[in-house]
Amino acid sequence: TMESKTGNELWTKAASVTLLVVLVQVITANFPIGKENKRRVQHALTGHLMVQVSYIIPPIVAIGLCLLGAGGMYSLFKFSPDEFRRIFGELLRKEEFEGVQLPGAFYFLLGTATTVAVSNDINTARYAVECLAIADPLASWVGSNIPSPKLNANSSLSGCLACFASAWCVGYLMLTHDIYVLSIGALVCSIAEAIDIGNDNLSIPVFTALAVENLA
């Protein structure tokens, strides 16, 4: 039947997407670059891939896959730590490797799912996740390579400015040319990236999407 065919196509797309995301993690983990740069590349590629996937599968399926991935990662982290380190070790920070804190990828998946769920417009969610994918690792790289005053233990002025500029450009390309809306989104994205509270993989996309839809 037509419904059965549509359901099979949806499951095929979902399975293909899951496989592709996992493949990106494996390939990135084997890049011949330093660990922090591996994390930045993985961060950018995964986020951008998720945005492109949103054009293929319905939002509710995307939310389900992200939550399934986050749940699987949490279970592996908690109950099979050796296997977790074997699979993701090349992408883990010291605290994550030692089991002290959940990996950033867990919050990335949770943040993406939450952003899609709270956004009234899927384009807003795409923009917010792309800000996470591009602006966050760029802020990290700039902050690590361009000396500037520190805002806290993990953030610097140069990184914050890089985050604002890149988020503004992402908004210009994906969302609108309204300077006020772009500035609100970029400002909230930068604040979420800079504050040393919680995990910015969760706070950046959620707060950015809510700000654009409710403040701008």
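A salt bridge is a side-chain nitrogen of Lys or Arg within 4 Å of a carboxyl oxygen of Asp or Glu. By this rule, the count comes to 6 salt bridges. The structure is a predicted model, in which local features need pLDDT of at least 70 and side-chain atom pairs count only at pLDDT 80 or more, while totals for chains, interfaces and linings use all residues. Residues are numbered from 1 along each chain as its sequence is written, and side-chain values use heavy atoms, with hydrogens and water left out.

**Salt bridges**

- Glu90 and Lys38 join their side chains in a salt bridge (3.0 Å, N to O). Glu90 lies in the loop between α4 and α5 (94-97) and Lys38 in helix α2 (residues 35-53), so the pair ties together parts that are 52 residues apart in sequence. Helices here are DSSP runs (H or I, at least four residues), numbered from the N terminus.
- Lys38 is buried, at 6% relative accessible area, whereas Glu90 is partly exposed, at 44%. Buried means under 20% relative accessible area, exposed over 50%, and partly exposed in between (1.4 Å probe, protein chains only).
- Asp82 and Arg85 form a salt bridge (2.7 Å, N to O); both lie in helix α4, 3 residues apart, about one turn of the helix. Asp82 is exposed at 57%, and Arg85 is partly exposed at 25%.
- Arg86 and Glu83 form a salt bridge (2.6 Å, N to O), and they too are 3 residues apart in helix α4, about one helical turn. Arg86 is exposed at 60%, while Glu83 is partly exposed at 33%.

- Helix α9 (residues 179-194) has 16 residues and should span 22 Å at 1.5 Å a residue, which agrees with the 22 Å between its end C-alpha atoms. The expected span is 1.5 Å times one less than the number of residues.
- The buried residues of α9 include Val181, Leu182, Ile184, Val188 and Cys189. Among the elements covering its buried residues are α7 (122-145), α8 (157-174) and α10 (200-214).
- At the start of α9, a side-chain oxygen of Asp178 comes within 2.9 Å of the backbone nitrogen of Tyr180.
- Helix α3 (residues 59-79) has 21 residues and reaches 30 Å from its first C-alpha to its last, close to the 30 Å expected at 1.5 Å a residue. Its buried residues include Val61, Cys66, Met73 and Phe77.

**Nonpolar cores**

- A nonpolar core is a set of buried Ala, Val, Leu, Ile, Met, Phe, Trp, Tyr and Cys residues joined through side-chain atoms within 4.5 Å.
- The largest such core has 30 residues, and those with the most contacts inside it are Phe84, Cys131, Ala167 and Cys189. Helix α7 gives the most to this core, with 6 residues.
- A second, separate core of 7 residues includes Val21, Leu49, Ile57 and Val61.

- Glu130 is in helix α7 and counts as buried at 6% relative accessibility. Its C-alpha atom is 6.0 Å from that of His48, 82 residues apart along the chain.
- Leaving aside neighbours within four places in sequence, Glu130 is in contact (heavy atoms within 4.5 Å) with residues including His48, Val51 and Met174.
- Asp136 also lies in helix α7. Asp136 is buried yet has no salt bridge, and the nearest side chain of opposite charge, Arg93, is 7.6 Å away. In assigning charge, Lys and Arg count as positive and Asp and Glu as negative, with His and the chain ends not counted.

Note on methods. Helices (H or I, at least four residues) and strands (E, at least two) are DSSP runs, numbered from the N terminus. A polar contact is a pair of N or O atoms within 3.5 Å; within protein, one must be able to donate a hydrogen and the other to accept it, and residues adjacent in sequence count only if both atoms are side-chain atoms.
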